[in-house]
Amino acid sequence: MSQTSTAGDSVTTPDYPQLLGHPRPLWMLFMTEFWERFAYYSVSWALVLYIVAQFFHGDPAGQGWAAGIYGAYTALIYAASIFGGYVADRVIGYQRSILLGAAVMAAGLFTLLLPSKPLMMLGLALVIAGDGLFKPNISTMVGQLYGRDDPRRDRGFTLFYMGINAGAFVAPLLTGWLAATFTDTPMQQNYRVVFAAAGVGMLLSFLWFWFGRRGLKGVGRPLPGMENRLRVLWVLIGAALAVPLIYALLAYVGADGLQWLLGALFIGVAAALIIEARRHDRVQLHRVIAMLIVFGFSVVFWTFYFQFGTSLNFLAENWVDREMFGGWIFPVGWFQSVTPLAILVFAPLLTLVWGMFARRHAEPSIPRKFGFGLIFNGLGFVVLVYALKELLGPTGLIPFWPLVLCYVMQTLGELCLSPIGLSMVTKLAPPRFVGLAMGGWFLSLAAGGDFSGLVARSISGTHGMTVASALSGFSFCLWVLLGSGALLLAISPLINRLMHGVR
């Protein structure tokens, strides 16, 4: 038996049956998340293209508005995790939060089938409210399967991350095929069938967790004082009341105004974590400060990584030669299967590399891994800038391979950063506030998502993306990323000291 912590106090981790060297419930959790990722990536590849096609009749001038909506949607879907983490920590527990969130998300995805701007906003608002209850809590439960000092924890998160990306890989392939097949006009795509498939995916996620949660042996169940089922009803009412507010933030505030709201939320989360850390000791306070510094660099990473749903999508649709052998056209959405495929290929290799370094007591620390992540992300934009400068063909298009290579480089960066960030939170956060701290991690993604919409809108301009605007925008992306990565590597020794031995 080993010691770990849930939302409240230190408890004993159950002796789970092991599968491939890890607790068996790990595999149930990543299959639950598999279907959430299926739903998310189905929407992410289709949303901006749907907006331009449905509401602007294919006019590239709609790219800027679509990018802003995508940035606000991405920001809010991660910002809602703060409240979802608190609800799980203090109100109804992790298991109930996940089930309730999956149900609300499914309702939102099916609402997207209705072709009007207000109903699209309503559907997105429901997805945001539901995912706020779902996303931080399933990641937190992965950490609760291991003792606090279990050396398998980082590798468990990487395996979890690899498994859930199988859903992200399947989503664009399947829904892209559905969109191209179930349409009356060969040159158009049926985006509503994409949203329907995403809704079915969330129903499967709900059912998978419902039937598999017994294997958790009580981990994630409501703590003493939270057992009353009326609490679930009150949370559902709260989510329903939040939907009009989220709708207003999407429709009327947008990516420009959200940066101020997200800044205020980050200050609030940071203050709560620091106050809680001071109740413990100086070591816990230093660890929280280190975590907050790393969160700042996380914002930079995600600002440019999230271009996959906006500017890189528009680049793929309009400025990449997608004609394959025999005149077959490679679907735009299928580019977004490159990233999860690369994760499936490289995640186990990277796990072996980290394990090899760990056996030699030379595994890079958390901030150094983050620095590598930023640099790999920047190298992806180096490839695109080179292609736009040197590889434009006679038709004004760049070859197929630079965009694919860009996604691969960004994936290597993501593997150095994202699963390590999830593990970092469970190691450095105050024990009673792990869920809130996980919400803070997702808040860094929210800020990155918001800024990503602003960057993409700038690249598209008022008339749509051009080669010149793409070259200028991607050059900005690469210099910010490479500079931030170098800075983080330089200050890593200071952050390591603040972490007091946590690797």
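Visitor: Which residues form a nonpolar patch on the surface, and how much accessible area do they have together?

Guide: Patches are built from residues with over 30% relative accessible area and no salt bridge, like charges being joined within 9 Å and nonpolar side chains (Val, Leu, Ile, Met, Phe, Trp, Tyr) within 5 Å. Here Phe110, Val200, Leu203, Leu204, Leu207, Trp210 and Phe211 form such a patch, with about 650 Å² of accessible area together; the areas come from the Shrake-Rupley method with a 1.4 Å probe, and for residues only the protein chains shown count as cover. This is a predicted model, in which local features need pLDDT of at least 70 and side-chain atom pairs count only at pLDDT 80 or more, while totals for chains, interfaces and linings use all residues. Residues are numbered from 1 along each chain as its sequence is written, and side-chain values use heavy atoms, with hydrogens and water left out.

Visitor: Which helix gives the most to the nonpolar patch?

Guide: Helices (H or I, at least four residues) and strands (E, at least two) are DSSP runs, numbered from the N terminus. Helix α6, residues 191–212, gives the most to the patch, with six residues.

Visitor: What is threonine 339 in contact with, leaving aside its neighbours within four places in sequence?

Guide: Contact means heavy atoms within 4.5 Å. With those sequence neighbours set aside, threonine 339 is in contact with Tyr305, Tyr407, Thr411 and Glu414. Threonine 339 is placed in helix α10, residues 338–359, and counts as buried because its relative accessible area is 6%.

Visitor: How should I read helix α14, and where does a kink lie in α14?

Guide: The expected span of a helix is 1.5 Å times one less than its number of residues, and the bend at a residue is the angle between axes fitted to the seven residues ending there and the seven starting there. Helix α14 (residues 467–499) has 33 residues and reaches 45 Å from its first C-alpha to its last, close to the expected 48 Å. The kink, of about 50 degrees, lies at serine 492, shortly before proline 493, and just after α14 histidine 500 takes a positive phi of about 50 degrees. Serine 472 is also found in α14, and at 51% relative accessibility serine 472 counts as exposed.

Visitor: How many salt bridges does the count come to?

Guide: A salt bridge is a side-chain nitrogen of Lys or Arg within 4 Å of a carboxyl oxygen of Asp or Glu, and by this rule the count comes to seven. One of them joins lysine 135 to aspartate 131, with the closest N and O atoms 3.4 Å apart; both residues lie in helix α4 (residues 117–144), four residues apart, about one turn of the helix. Lysine 135 counts as buried at 3% relative accessibility, and aspartate 131 counts as buried at 0%.

Visitor: Is arginine 279 buried or exposed?

Guide: Arginine 279 meets glutamate 276 in a salt bridge of 3.1 Å, N to O. Glutamate 276 counts as buried at 3% relative accessibility, whereas arginine 279 counts as exposed at 54%. Salt bridges that share partners also join Glu36, Arg37, Asp131 and Lys135 into one network.

Key
Buried means under 20% relative accessible area, exposed over 50%, partly exposed in between (1.4 Å probe, protein chains only).
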